[in-house]
Amino acid sequence: MTTPTFHIVDVFAERKYAGNQLAVFRNAEGLSSGQMQQIAQEIGFSETTFILSDSPRDGGYDVRIFTPGDEVPFAGHPTLGTAYIIRREIIGEPVGRVNLNLKIGQIPVAFEGQTEGEDIPWMTPKEATFHQVFDAEEIAPLLRLQPEDVDDGFPIQTVSTGLPFVFVPLRSIDAVRRAAVMRDLWLEWIEDRLAKMVCIFCRQTVEPENQIHARMFADYYGIVEDPATGSANSCLAAYFVKHRYFDSGRIDVRVEQGYEIGRPSRLYLRAHDDDGNIHVQVGGRVFAIAKGSLL
C-alpha cells in the first residue's frame, strides 16, 4: 500500500494562516473508515478529506470528508481545498474544472482567473431546499440571545444544499458577537430535527468591502465554531435570493466569518433566481501551508 501523504491548506483566506484549515490526504484507498475518522480526530481541523485515488472515476475524483466526530456527505471548504490540491498536485496543470465524487454526488469546482492573476476555485452545490421556519422566542434562548436581537423582517429557517443548517438573521454585529450556543439545550432541541448546525448573520461588517458578517456553530459534529463554512454559505446565498434579502433575485456578495475565533475568512457568493430555480456558486482563495506523510 502506498503511504498516504497529506497537504494542509487554508481555505476562504485572504492570506496565509487565516481562513479555514484543511488537511487533504492522498493515496487513501487503503485506509478504513475507522482509520480515517481517527486521523481526522488527530488532525483536529473542522474537516479532513481523503482522496481515495489519484485516478479519476466517472470524470471525478473519489473523496470522503470527516469532521473530528463523524463523516459528512458534503462540506464547502473541503470541496474547494481538495479540488485545489487535485489540480495542483495530481493533475499538475491549470485545468479549468475539477469534479469531486462526494457522498452526496458529483460536485464541480471551476477555477477562474482574478485581477491578481490568481485562479480562484468556485463550487456549484446541489440545489437548495427550504424547510421548517421557527419563532424567535424558540431559537433566541438557545443562542443566549433575546428575541428582539432577531431581525423579524426575514425568517429563521432550515435550508440545505446537502447539509442542513438553521439560519438566524440578526439585527446587529453586536448580537452576532454576543451569541453563544447553550450546548446541552441545543443538542436536546436538535435531536428530532433535520438541521444539527446553526448559522447566524447580519448586515453589519468588520471590513467595509464585505456585505455580511456570519458565525456557524456545529457542536453536534465536534466543531464548536467553524472559521468559514462553504456549505452554510451556499445555503445562505440561496436564502438571500429566495427571500430577497438584498431586494434582488441576483446577488454577488462577500461574507466575512471567523473573526470571533481569530481566523478571519472571506467567502464569495453568487446566486440568481431563474424562474424559481436558484443557482448558487461559492468561491474563495486557497493557500498551501504544509505537506507531509503518515508515519
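## Overall size and make-up

With 295 residues, a compact globule would have a radius of gyration near 19 Å, and the protein chain agrees with that at 18 Å. That radius is taken over C-alpha atoms, and the globule rule is 2.2 Å times the number of residues to the power 0.38. Along the principal axes, the C-alpha atoms fill a box of roughly 55 × 40 × 35 Å.

A quick word on the ground rules: this is a predicted model, where local features need pLDDT of at least 70 and side-chain atom pairs count only at pLDDT 80 or more, while totals for chains, interfaces and linings use all residues. Residues are numbered from 1 along each chain as its sequence is written, and side-chain values use heavy atoms, with hydrogens and water left out.

The chain's secondary structure comes to 6 helices and 18 strands. These are DSSP runs numbered from the N terminus, with helices (H or I) needing at least four residues and strands (E) at least two.

## Inside and outside

Of the 295 residues, 55% count as buried. Buried means under 20% relative accessible area, exposed means over 50%, and partly exposed is in between (1.4 Å probe, protein chains only). The chain exposes about 12,300 Å², and carbon and sulfur atoms supply 45% of that. Those areas come from the Shrake-Rupley method with a 1.4 Å probe; for residues, only the protein chains shown count as cover.

What about contacts, meaning heavy atoms within 4.5 Å? Among those between residues at least 6 apart in sequence, 63% join residues at least 24 apart.

## A look at Thr48

Thr48 sits in strand E3, which covers residues 47–51. Thr48 is buried, with a relative accessible area of 0%. Leaving aside residues up to four places away in sequence, Thr48 touches Leu22, Ala23, Phe25, Ala40, Ile43, Arg64, Ile65 and Phe66.

## Helix H6

Helix H6 runs through residues 230–242, so 13 residues in total, and reaches 18 Å from its first C-alpha to its last, close to the 18 Å expected at 1.5 Å a residue. The expected span is 1.5 Å times one less than the number of residues.

H6 is mostly covered, with 12 of its 13 residues buried. Among them are Gly230, Cys235, Leu236, Tyr239, Phe240 and Val241. After H6 comes Arg244, whose phi is positive, near 50 degrees.

## Salt bridges

A search of the whole structure turns up 20 salt bridges. Each one is a side-chain nitrogen of Lys or Arg within 4 Å of a carboxyl oxygen of Asp or Glu.

Glu138 pairs with Arg193, their closest N and O atoms being 3.2 Å apart. Glu138 lies in helix H3 (136–139) and Arg193 in the loop between helix H5 (183–189) and strand E12 (197–202), so the pair ties together parts that are 55 residues apart in sequence. Both are partly exposed: Glu138 at 31% and Arg193 at 22%. Arg193 also meets Asp192 in a salt bridge (3.5 Å, N to O), and Asp192 counts as exposed at 66%. Elsewhere, salt bridges that share partners join Glu14, Glu209, Arg266 and Arg285 into one network.

Then there is Asp219, which meets Arg183 at 3.5 Å, N to O. Asp219 is in the loop between strands E13 (212–218) and E14 (223–226) while Arg183 is in helix H5, so this pair ties together parts that are 36 residues apart in sequence. Asp219 is buried at 13%, whereas Arg183 is partly exposed at 44%.

Technical notes
Contact means heavy atoms within 4.5 Å.
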